[in-house]
Amino acid sequence: MMPTPPPQLVLLHGLARTRHSLWPVARAAVARGYRVTGVGYPSRHAPIEELASFVAARVGERLPAGEPFDVVSHSMGGIVLRAAVAAGLLPAERVRRVVMLGPPSRGSELAEALRGLPVYRWVLGPAGQQLGTGAESVPLALPPLPFECGVVAGRRTFIPLLAERVFGGPTDGRVSVARARVDGMADFLVVNRAHPFLMWSPDVLAATFAFLETGRFPVGRP
C-alpha cells in the first residue's frame with residue numbers, strides 16, 4: 001500500500017498583510033507534519049471578488065487536482081475563501097476543515113466607520129470598502145458556510161474607548177466578537193488577544209490544530 005500523504009494546509013493572510021504574516025502557523029504546521037502552502041494575494045489592489053479568483057487560481061496551480069485541504073485564514077482571508085467557494089471557484093468538497101482567525105464574518109464596524117475617508121480608501125483599496133456593515137458589505141452577502149469551520153475571535157484591544165464607541169462591545173480592535181460569528185460554523189472560541197497578534201499566540205495555535213485534527217476546539221479553552 002502507498003503511504004498516506006500528510007495533510008495539506010493552505011494559509012490565507014488578511015488585508016494589507018502578506019503570506020509571511022502567518023509564518024507562526026506555518027512553522028507549527030510543518031512541525032506537525034503538514035504540507036503547507038502559503039497563498040499571497042494583492043489584498044490592497046482589487047475587490048474581494050477578484051481576490052477570490054486570484055486565490056482559487058493559485059490553489060489550483062499549487063495543489064494536486066482534487067486533493068482535499070485544510071485552511072487557516074486571518075481576518076479578510078476568511079472572507080476571500082468564502083467568496084471563492086460561494087462563486088464555485090473552489091469546490092466546497094475539497095475544503096475539509098477551516099480555522100478563521102478574527103474574520104469580519106458579518107462585516108467590521110471599524111471598516112464601516114472609516115470607509116468614507118480618502119486616506120482609508122487609498123491605504124486599503126477596493127476590498128477595504130467592502131468589509132463594512134452596510135449595503136456594500138461583501139461578508140453580509142455571502143451564504144452560510146458549506147464546510148467545517150471553527151472561528152477564533154479576540155477580545156483584547158489597546159484602545160478600550162474605541163471598543164465601546166465603535167464596536168459596542170468586546171473586540172480585537174478590528175472586528176467585534178459578535179461580528180466574527182458566521183452561520184454554519186462548527187465551533188467558536190474567544191481569546192484574550194488582539195487582532196494583529198492572533199496567529200502569534202500559543203493558545204490560539206494549540207486551539208487551531210486541535211480543531212483541524214478533531215473538528216472541535218479544546219475543552220479547556222481560555
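The buried residues of α1 pack against β1 (8-12), β2 (35-39), β3 (69-74) and α9 (202-214). Packing here rests on contact, meaning heavy atoms within 4.5 Å. Helices (H or I, at least four residues) and strands (E, at least two) are DSSP runs, numbered from the N terminus.

Before you start: this is a predicted model, so local features need pLDDT of at least 70, side-chain atom pairs count only at pLDDT 80 or more, and totals for chains, interfaces and linings use all residues. Residues are numbered from 1 along each chain as its sequence is written, and side-chain values use heavy atoms, with hydrogens and water left out.

**Exercise 1. Find which residues of helix α1 are buried, then look at what comes just after the helix.**

Step 1. Go through residues 23-31, which make up α1.

**Exercise 2. Describe the aromatic pair of W23 and W200, and then the pair of Y34 and F209.**

Step 1. Know the rule: rings of Phe, Tyr and Trp (its six-membered ring) pair if their centres lie within 6.5 Å; planes under 30 degrees apart count as stacked, over 60 as edge-to-face and the rest as tilted. Searching the whole structure turns up four such pairs.

Step 2. For W23 and W200, the centres are 5.3 Å apart and the planes make 90°, which is edge-to-face. W23 sits in helix α1 and W200 in the loop between β6 (187-191) and α9, so the pair ties together parts 177 residues apart in sequence. W23 is partly exposed at 38% relative accessible area, and W200 is partly exposed at 46%.

Step 3. For Y34 and F209, you get 5.6 Å centre to centre and 55° between the planes, so the pair is tilted. Y34 is in the loop between α1 and β2, while F209 is in helix α9, 175 residues away. Both Y34 and F209 are buried.

**Exercise 3. Take A16 and S75: where does each sit, and is it buried or partly exposed?**

Step 1. Recall the background: most residues other than glycine have a negative phi.

Step 2. A16 has a phi near 65°, a positive value. You'll find A16 in the loop between β1 and α1, and it is partly exposed at 40% relative accessible area.

Step 3. S75 has a positive phi of about 55°. Look for S75 in the loop between β3 and α3 (76-86); at 12% relative accessible area, it is buried.

**Exercise 4. Work out the strand order of the sheet and which helices lie on it.**

Step 1. Two strands pair if DSSP finds at least two bridges between them.

Step 2. Six parallel strands form an open sheet in the order β2-β1-β3-β4-β5-β6. β2 and β6 are at the edges with a single partner strand each, so one side of each has no neighbour in the sheet.

Step 3. Zoom in on β4 (residues 95-101) and β5 (residues 148-154): they pair over five bridges, and V99 stands opposite G150 in β5.

Step 4. Axes are lines fitted to C-alpha atoms, for helices over the stretch in contact, and angles run from 0 to 180 degrees between N-to-C directions. Helix α2 (residues 48-62) lies across β1, β2 and β3, at about 150° to β2. Helix α3 touches β1, β3 and β4, and its direction makes about 135° with that of β3.

How values were computed
Buried means under 20% relative accessible area, exposed over 50%, partly exposed in between (1.4 Å probe, protein chains only).
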